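Please look over the sequence and the structure first.

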Amino acid sequence: MADYGMLVDNHTVRFERLLPGPIERVWKYLTDAELRGTWFAAGPMEPRVGGRMDIVFDNSNLGPRPSSPPERFKQYGGTFDSRHVVTIWEPPHRLGFTWDDDMDPKGSEVEIVLTEEGEKVRLVLTHRRVSGVSDAINFSGGWHTHLAMLAEQLEGNPKTPFWDAFDGIEDEYRKRYTGK
């Protein structure tokens, strides 16, 4: 399993991680607003297909200490939120939600599948219907960084501030996806 996500096609990216279990604990980090806020984004989620999911980002305060965004992401230095719809709810194995703000069912969508492997849990995150390779690069940088932070949380060792971990990762995905 590679640390980097992969471009499945020009509109789909996929990530795999092997995480400390048990599966119920990983599921809780995906669905509990407070725990999700330690690695990704807080916000309430109605636990059902069709339920509303509010995502409240505060990337500058993810990790063991605050960090500042790079210049091109300065507008994301504080909190910002968006609304989504739960599209898959199969605890503790599958979770899906729309990605585009304002709960647009025609926008992109995220699916997370958890599978037990002994004491570990394989997480497969697939982000579909992104608008093209540029968006795939952007989403890949974000998911890569957030999933690294999830692993640190599950290992009990949050050591990297979000923006420090994010720095340069989009450039790596640009090289991987476009060769440039």
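The lining of the largest pocket divides into 11 nonpolar, 6 polar and 3 charged residues. Keep in mind that this is a predicted model. The pocket holds about 470 Å³ of space. Its lining counts 20 residues, and Phe57, Phe80, Trp99, Asn138 and Phe139 lie nearest the centre. Strand S4 (80-90), H3 and helix H4 (162-166) are the elements that each give two or more residues to this lining. H3 provides the largest share, with 5 residues.

The largest cavity is lined by Leu30, Arg36, Trp39, Phe40, Met53, Leu95, Phe97, Ile112 and Trp143.

The table sets the two spaces side by side.

| Space | Volume | Lining by class |
|---|---|---|
| Largest pocket | about 470 Å³ | 11 nonpolar, 6 polar, 3 charged residues |
| Largest cavity | about 40 Å³ | 8 nonpolar, no polar, 1 charged residues |

Now the helices. Two packed helices are described by the angle between their axes and the distance between the axes. Helix H1 (residues 23-31) packs with helix H3 (residues 133-154) at an angle of about 130 degrees, and their axes are 11 Å apart. H1 and H3 are therefore oblique to each other. Their crossing is right-handed. H1 brings Arg25, Val26 and Tyr29 to the contact, while H3 brings Leu150, Gln153 and Leu154. By class, this contact has 4 nonpolar, 1 polar and 1 charged residues.

Technical notes: Residues are numbered from 1 along each chain as its sequence is written. This is a predicted model: local features need pLDDT of at least 70, side-chain atom pairs count only at pLDDT 80 or more; totals for chains, interfaces and linings use all residues. Side-chain values use heavy atoms; hydrogens and water are left out. On a 1 Å grid over the protein atoms alone, a cavity is a set of points where a 1.4 Å probe fits but cannot get out, and a pocket is an open set with protein on both sides within 12 Å along at least five of seven lines; lining residues have an atom within 4 Å of a point. Grid points are joined across faces, edges and corners, and a volume is the space filled by probe spheres set on the points. Ala, Val, Leu, Ile, Met, Phe, Trp, Tyr, Cys and Pro count as nonpolar, Asp, Glu, Lys and Arg as charged, and the others, Gly among them, as polar. Axes are lines fitted to C-alpha atoms, for helices over the stretch in contact, and angles run from 0 to 180 degrees between N-to-C directions. Helices (H or I, at least four residues) and strands (E, at least two) are DSSP runs, numbered from the N terminus. Angles under 35 degrees count as roughly parallel, over 145 as roughly antiparallel, 65 to 115 as roughly perpendicular and the rest as oblique. A crossing is left-handed if the near helix is turned anticlockwise from the far one by less than a right angle, and right-handed if clockwise. Contact means heavy atoms within 4.5 Å.
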